[in-house]
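Student: I have a structure open on my screen and I'd like to learn how to read it. Could you walk me through it, one feature at a time?

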Amino acid sequence: MKIRMLAGAACVALLVPVAPASAATSPQTLAHEAQGDSIDRTVEGFYASRRGAPFWLRAGPDSAAARDLIGILQGASLDGFASGPALAAQANSLLARARTGDSTALANADRLLTTAWILYVQALRRPPEGMLFADSWVSPRAQSPREILARAVSANSLAAYVRSAASPNPVYARIRDAAWQQMQSTGAPPDPRVLANLDRIRTMPFQSRYIVVDSASARLWMVEKGQIVDSMKVIVGKPSTPTPMLASTIYYATLNPYWNVPPDLVRKLTASKVLDQGLSYLKSHGYVVMTGYGDDARKLDPAKVDWKAVAAGHETVAVRQLPGPANSMGQVKFGFPNQFDVYLHDTPQKDLFASADRDISNGCIRVEDAQRLARWLMRGILVAPSSEPEQHVLLPRPVPVYLTYLTAQVDDGQLTFVDDVYGKDTRGLSVAAN
């Protein structure tokens, strides 16, 4: 918290008109004001190891990497780095003097850009607000100032590395670029809803293949090597049972899955159907009644269950749907560690994907084409070796899955918004106003 507060103060300090070169605020002082001594010491050590040689401006004041970084800083308010535009202005002022032959201004500009890059990367790598990282394999990896500079130094092309690092993922980059174009054309500050959306997808996966599920638009994207390679419709949680925002990992696919009916649905739906239609309802839908879902669970005679007591919540039973054409999980399920017991799965109700409103599930995600998704996850065809239920097939390599919520969308390059069915934008704006 201290770091963020000081960063805001530094932004104000940077707006002071630039003094002559001999009295210019040093990049070391800016670093100290912005985030404390650790960056200051790192930058000092970095240039000491280089014997003062410039890093960003090795080719002079108009080096490509410096131009790219300054351009990124100018729009960095969209990245959650409010000090970025002020740092860009300071760098441009120093470079203007450097072009006249002022070697001190060139050195100060280079150090300023180094400090700015560290601060920018740290801001960009903040975990998204409200996202739960349910599996350690996808948890964000914090980078120290020293590590941030080491990665930049080791890049084959510094300019290309800067552009790549500034785009955490293609979904984020698409929204941010459309928002920046809108700001440039209108001269208006960024829409608070855009900032909230960018914060929800500001994730930097360290794996090259992953899935993004957006509950607001009810779509799924398959990402590989920084590109969206495929997408499909999904069905997500209704407002009363929203699909959570979380990051986890898919390790295996489950073929011929059971559907373990959630306890609230057993009480609200299954029990009432049995009371209305009789025990034939259970048989026609492939349901079996059990003491639980564990390995030691026993089957129960449904005729001996007090279904009125179950419907009233006075008694509990477990209900499992066996594999088959009517199974709500379809032919395959993709589970991942999380406390909400949500997962991706097939569905026999393909007609539901024709609807524009697809927020109708109890929190899990039904996918439009489970076999196509399976082929991408498995890098090949996924076939059940037998009709046995619950066959787990390991993926060749685990694949991260990010469940997020993006009311900001890009349509033909233009920024648009979909309905905020979960009310996240409204809550965020209310908090900001207070």
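Student: How many aromatic pairs does the structure hold?

Tutor: First the rule: rings of Phe, Tyr and Trp (its six-membered ring) pair if their centres lie within 6.5 Å, and planes under 30 degrees apart count as stacked, over 60 as edge-to-face and the rest as tilted. In this structure you'll find 10 such pairs. Take F46 and Y47: the ring centres are 5.2 Å apart and the planes meet at 85°, so this pair is edge-to-face. F46 also pairs with F55, again edge-to-face, at 5.4 Å centre to centre and 90° between the planes. Ring pairs link F46, Y47, F55, W56, F81, W117, Y120 and Y161 into a cluster.

Student: Before we go on, what kind of model is this, and how are things counted?

Tutor: It's a predicted model, in which local features need pLDDT of at least 70 and side-chain atom pairs count only at pLDDT 80 or more, while totals for chains, interfaces and linings use all residues. Residues are numbered from 1 along each chain as its sequence is written, and side-chain values use heavy atoms, with hydrogens and water left out.

Student: Are F46 and F55 buried or exposed?

Tutor: Buried means under 20% relative accessible area, exposed means over 50%, and partly exposed is in between (1.4 Å probe, protein chains only). F46 has a relative accessible area of 10%, so it counts as buried. F55 comes out at 2%, so it is buried too. Y47 is buried as well. Over the chain, 47% of the 434 residues count as buried.

Student: How many helices and strands are there?

Tutor: Helices (H or I, at least four residues) and strands (E, at least two) are DSSP runs, numbered from the N terminus. This chain has 15 helices and 15 strands. Have a look at helix 14, residues 370–378: its buried residues are A370, L373, A374, W376, L377 and M378. As background, an α-helix has 3.6 residues a turn, so residues three or four places apart point the same way.

Student: Which other residues have a positive phi without being glycine?

Tutor: R51 is one of them, with phi at about 55°. You'll find R51 in the loop between helix 3 and helix 4, and its 82% relative accessibility makes R51 exposed. K225 is another, with phi near 50°. K225 sits in the loop between strand 3 (219–224) and strand 4 (227–237), and at 69% relative accessibility K225 also counts as exposed.

Student: Where does G60 lie?

Tutor: G60 is in the loop between helix 3 (37–49) and helix 4 (64–74). Its relative accessible area is 14%, so G60 is buried. The C-alpha atoms of G60 and L106 are 8.1 Å from each other, though the two residues are 46 places apart along the chain.

Student: Is Q122 buried, partly exposed or exposed?

Tutor: Q122 is partly exposed, at 22% relative accessibility. Its place is in helix 6, residues 103–124. From the C-alpha of Q122 to that of S144, 22 residues away along the chain, the separation is 8.3 Å.

Student: What does V213 touch?

Tutor: Contact means heavy atoms within 4.5 Å. Leaving out residues up to four places away in sequence, V213 touches R219, L220, V234, L344, I365, V401, Y402, L403 and T404. V213 is in strand 2, residues 209–214, and is buried, with a relative accessible area of 0%. Across the chain, among contacts between residues at least 6 apart in sequence, 70% join residues at least 24 apart.

Student: Which residues lie nearest the centre of the largest cavity?

Tutor: On a 1 Å grid over the protein atoms alone, a cavity is a set of points where a 1.4 Å probe fits but cannot get out, and lining residues have an atom within 4 Å of a point. The largest cavity has 16 lining residues, and R125, P140, R141, T203 and M204 lie nearest its centre.

Terms used: On a 1 Å grid over the protein atoms alone, a cavity is a set of points where a 1.4 Å probe fits but cannot get out, and a pocket is an open set with protein on both sides within 12 Å along at least five of seven lines; lining residues have an atom within 4 Å of a point.
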